[in-house]
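Hi everyone, thanks for making time for this.

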Amino acid sequence: MSTDFPTAQLKVIKIGGNVVDNPEALTRFALDFTRLEGPKLLVHGGGKEATRLSQALGIPTQMIDGRRVTDRATLDVVTMVYAGLVNKRVVALLQSLGVNAMGLSGADANAIRATRRNPVPIDYGYVGDISAAGVNAPVIKHLTQAGITPVFCAITHDGDGTLLNCNADSVASAIAKGCASVMDVELIYCFEKDGVLTDIDRPDSLIPHVTPEVFADLRAKGVVSAGMIPKLQNALEAISCGVKSVTIKNAANLLSDRGTVITA
C-alpha cells in the first residue's frame, strides 16, 4: 500500500440496518451527514431487509454471535439487497441532498478484498474476513479528494471472482484501519441506541468510555452480547491500528458529543 500522499482527514461513518430500515430515521441521519465538513465515507448495513426478503423466498436465516451464516442462496439475497436495493436507496437520498455519493461494493475498483473465513470451527459459508491490507486506500483517498462520497455496502470479493458477505461493522473498521496510513481517520458507528448501555431499555445507562478491560468485564457479565460484541471488537482493533478516534452513538446524535468513546 502506497503512503506517498500528504496527510488528509476522513470521517468513516457506519449506519446500521435499523436506521436504513426506517425512512424517517434515515432521512434525519442523511440531513446531518450532509452537514459534516470535509471528506467522508458511509458504510451501511441492511440485515433486516435481507432477512425479510429471505423469509419471503423461503430461505432460512441463521445467525451465530450476531453474524449471518451465508450459504449460496443467502449470498444471492444479501448481494441483491446490500449492493442493490439498500445501497442505491441511500445514494439516491444523499444525491437529493446535494452530496455527490457513489455506491460501491468491495469489488468495485478493487476497493476491498477479503478472504473467505475458515470453516473451522464454524462454517459461515460465503463470509469474508478483511484486513487493513485488503483496503485500497489510495483509491478511496482519490475518490474523496475528488469530491465524491463513497457509500459502501458489506459485499466484498476475494479477487478470484467470488463475492463475500462481510459484517458491515468489520467493513467500516477495515476501511478506517486501511486508510489510517494515508489519512487521519475518525470512525463513527451509528445505530438506534445512544451508545453502549448497561441496560438497553434505559438511555440514561450510557457507558461514556470503553477500554479493552471494560469490554472484557462487560462481555463476561453479559452486558454486551450478539451484535454489540463484533462492534466493540472492531472499534478496539481500529484504535490499536492507528485510527484517531472511534465513537459509538445514536444516528440521531451524529452532530453531538453524546455516545460511547472507545480508547486503548
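Predicted model: local features only at pLDDT ≥ 70, side-chain atom pairs only at ≥ 80, totals over all residues.

First, the whole chain. There are eight helices and 14 strands in it. The C-alpha trace spans about 45 × 40 × 35 Å along its principal axes. How does the radius of gyration agree with that of a compact globule? For 264 residues, a compact globule would come out near 18 Å, and this chain has 17 Å, so the two agree. Of those 264 residues, 52% are buried. The chain exposes about 11,500 Å², and carbon and sulfur atoms supply 52% of that area. If we take contacts between residues at least 6 apart in sequence, 73% of them join residues at least 24 apart.

Now to the helix that needed the definition, α6. How many of the residues of α6 are buried? Twelve of its twelve, so this helix is mostly covered. The list runs through Ala168, Asp169, Ser170, Val171, Ala172 and Ser173, then Ala174, Ile175, Ala176, Lys177, Gly178 and Cys179. Please notice that Asp169 and Lys177 are among those buried residues. As a reminder, an α-helix has 3.6 residues a turn, so residues three or four places apart point the same way. In α6, the buried residues include Ala168, Ala172 and Ala176, but also the residues between them. From its first C-alpha to its last, α6 reaches 16 Å, close to the 16 Å expected at 1.5 Å a residue. At the start of this helix, a side-chain oxygen of Asn167 comes to within 2.8 Å of the backbone nitrogen of Asp169.

α6 also takes part in covering another helix, α5, which is residues 137-145. The buried residues of α5 are Ala137, Pro138, Ile140, Lys141, Leu143 and Thr144. After α5 comes Gly147, with a positive phi near 85 degrees.

For those of you who think about cysteines: how many disulfides are there in the whole structure? A search finds zero. Take Cys153. Cys179 is in no disulfide either, with the nearest cysteine sulfur, in Cys241, 13 Å away. Are these two cysteines buried or exposed? Cys153 is buried, with a relative accessible area of 1%, and Cys179 is buried too, at 0%.

Let's move to the loops. Between β6 (115-116) and β7 (128-129) you'll find Pro121, and Val120 is in that loop as well. A cis peptide bond joins Val120 and Pro121, with omega at about 10 degrees. Val120 is exposed, at 64% relative accessible area. Val120 is also 110 residues from Leu10 in sequence, and their C-alpha atoms are 36 Å apart in space.

The loop between β5 and β6 has something to look at too. Ala109 lies there, and its phi is positive, near 60 degrees, in a residue other than glycine. Asn110 lies in the loop between β5 and β6 as well, and its phi is also positive, near 50 degrees. How covered are they? Ala109 counts as exposed, at 52% relative accessibility, while Asn110 counts as partly exposed, at 30%.

One last stop, Glu49, in helix α3 (residues 47-56). Is Glu49 buried or exposed? It is buried, with a relative accessible area of 16%. And which residues does Glu49 touch, leaving aside neighbours within four places in sequence? The contacts are Asp21, Val81, Leu85, Val86 and Arg89.

Definitions and conventions. Residues numbered from 1 in each chain as written. Heavy atoms only, no water. Disulfide = S-S within 2.5 Å. Buried < 20%, exposed > 50% of the residue type's maximum accessible area, 1.4 Å probe, protein only. Helix = DSSP H or I, 4+ residues; strand = E, 2+ residues; numbered from the N terminus. Contact = heavy atoms within 4.5 Å. Expected span 1.5 Å × (residues − 1). Polar contact = N/O pair within 3.5 Å; in protein donor to acceptor, adjacent residues only side chain to side chain. Rg over C-alpha atoms; globule rule 2.2 N^0.38 Å. Areas by Shrake-Rupley, 256 points an atom, 1.4 Å probe, with all protein chains shown as cover.
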